[in-house]
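Please look over the sequence and the 3D structure shown here before reading on. The paragraphs below go through the chain step by step.

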Amino acid sequence: MIIVSGVSAAHPDTSIMSDFQTWYKQVPPFTRIWLTATVSISLLAKIGLLPISYLILQSAPFFYKLQLWRPMTAVLFYPLNPATGFHFMMNCYFLYNYSLRLESDHYKQKPGDYFFMLFFNWILCVIVGLVMDLPILMDPMVLSVLYVWCKLNQDVIVTFWFGTRFKAMYLPWVLLGMNMILSSGSIFSLVGIFVGHAYYFLKFSYPSELGGPALIETPFFIKRYFPDVQGGTHGFGVPPVGQRPVQQQQQGDMAGFRHAWGVGHTLGRN
């Protein structure tokens, strides 16, 4: 009986670990790597294994000391303390939720295109961060991905705080407005919206709505490394307005779990 009791007691832990492994393996690869790196680097910095001063984006060490990792760690790192912990979890939720939707839906057959979108947004975030002296870029990077999803699903109805409902195309601006009211970090929201709109305009709006040439094309070597997946019905180059409205509206209802966006914490200034 004791042995049976011990087996029974251990079984739930084994089941939980198995469920977690199953869920983790099902997360699309780019979203999984991005989320894992973000959580890992932030936690390692929290416990002191990684020095925060080497993780943030600073122009002098980057250009003159060739500390070339800073543009990457500035996107993945977020300072954790009792005042920022909840916002960090909401950032991770936004990252997981909207990156997963884009990678597993709109870019399902085009992994190279999704990788290049992340690369383009990252480069633009870093350039703006260097120009505006923004040491932490997690907020604008995540919001830029959220913005792209909202533009590709602009007619989907999302539910916000207190049961308010509106089209997804307004969600980034609602988050900006909430941030302006509740905090002083709206610059991070503006940068994220700017970066996301730059990608959407160059990739979708200019070619399809204004009749111009495609200004963003995934380089061939990325396509070779992340080849297109054959099959499926998704089209690329034209934003899929109103695609699968019932399913997307159910997903959009998750927007009710929102936190004031962009409460950025600029180190050394507060």
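This is a predicted model: local features need pLDDT of at least 70, side-chain atom pairs count only at pLDDT 80 or more; totals for chains, interfaces and linings use all residues.

Residues are numbered from 1 along each chain as its sequence is written, and side-chain values use heavy atoms, with hydrogens and water left out.

The chain has 11 helices and 2 strands. Helices (H or I, at least four residues) and strands (E, at least two) are DSSP runs, numbered from the N terminus. Along the sequence, their order is α-α-α-α-α-α-α-β-β-α-α-α-α. Of the 270 residues, 45% count as buried, where buried means under 20% relative accessible area, exposed over 50%, and partly exposed in between (1.4 Å probe, protein chains only). Contact means heavy atoms within 4.5 Å. Among contacts between residues at least 6 apart in sequence, 73% join residues at least 24 apart.

UniProt, in an unreviewed entry, lists residues 33–56, 76–96, 116–138 and 170–195 under "transmembrane region". Its positions are given in the numbering used here, feature names are shortened, and annotations may be inferred rather than shown by experiment. In the model, residues 33–56 are 58% helix and 0% strand, with end C-alpha atoms 20 Å apart. Residues 76–96 are 62% helix and 0% strand, and their end C-alpha atoms lie 13 Å apart.

Helix α2 (residues 29–46) contains Thr31. Is Thr31 buried or exposed? Thr31 counts as buried because its relative accessibility is 0%. Leaving out residues up to four places away in sequence, Thr31 touches Leu95, Tyr96, Ser99, Leu100, Glu103 and Tyr114.

Helix α7 covers residues 138–152. Its 15 residues should span 21 Å at 1.5 Å a residue, and the end C-alpha atoms are 22 Å apart, which agrees. The expected span is 1.5 Å times one less than the number of residues. In α7, 15 of the 15 residues are buried, so this helix is largely enclosed by the rest of the structure.

Met132 belongs to helix α6 (residues 111–132). With a relative accessible area of 37%, Met132 is partly exposed. Together with Phe119, Ile123, Ile127 and Val131, Met132 forms a nonpolar patch on the surface, with about 440 Å² of accessible area. Such areas come from the Shrake-Rupley method with a 1.4 Å probe; for residues, only the protein chains shown count as cover. Like charges are joined within 9 Å, and nonpolar side chains (Val, Leu, Ile, Met, Phe, Trp, Tyr) within 5 Å.

Note on methods. Patches are made of residues with over 30% relative accessible area and no salt bridge: like charges are joined within 9 Å, nonpolar side chains (Val, Leu, Ile, Met, Phe, Trp, Tyr) within 5 Å. A salt bridge is a side-chain nitrogen of Lys or Arg within 4 Å of a carboxyl oxygen of Asp or Glu.
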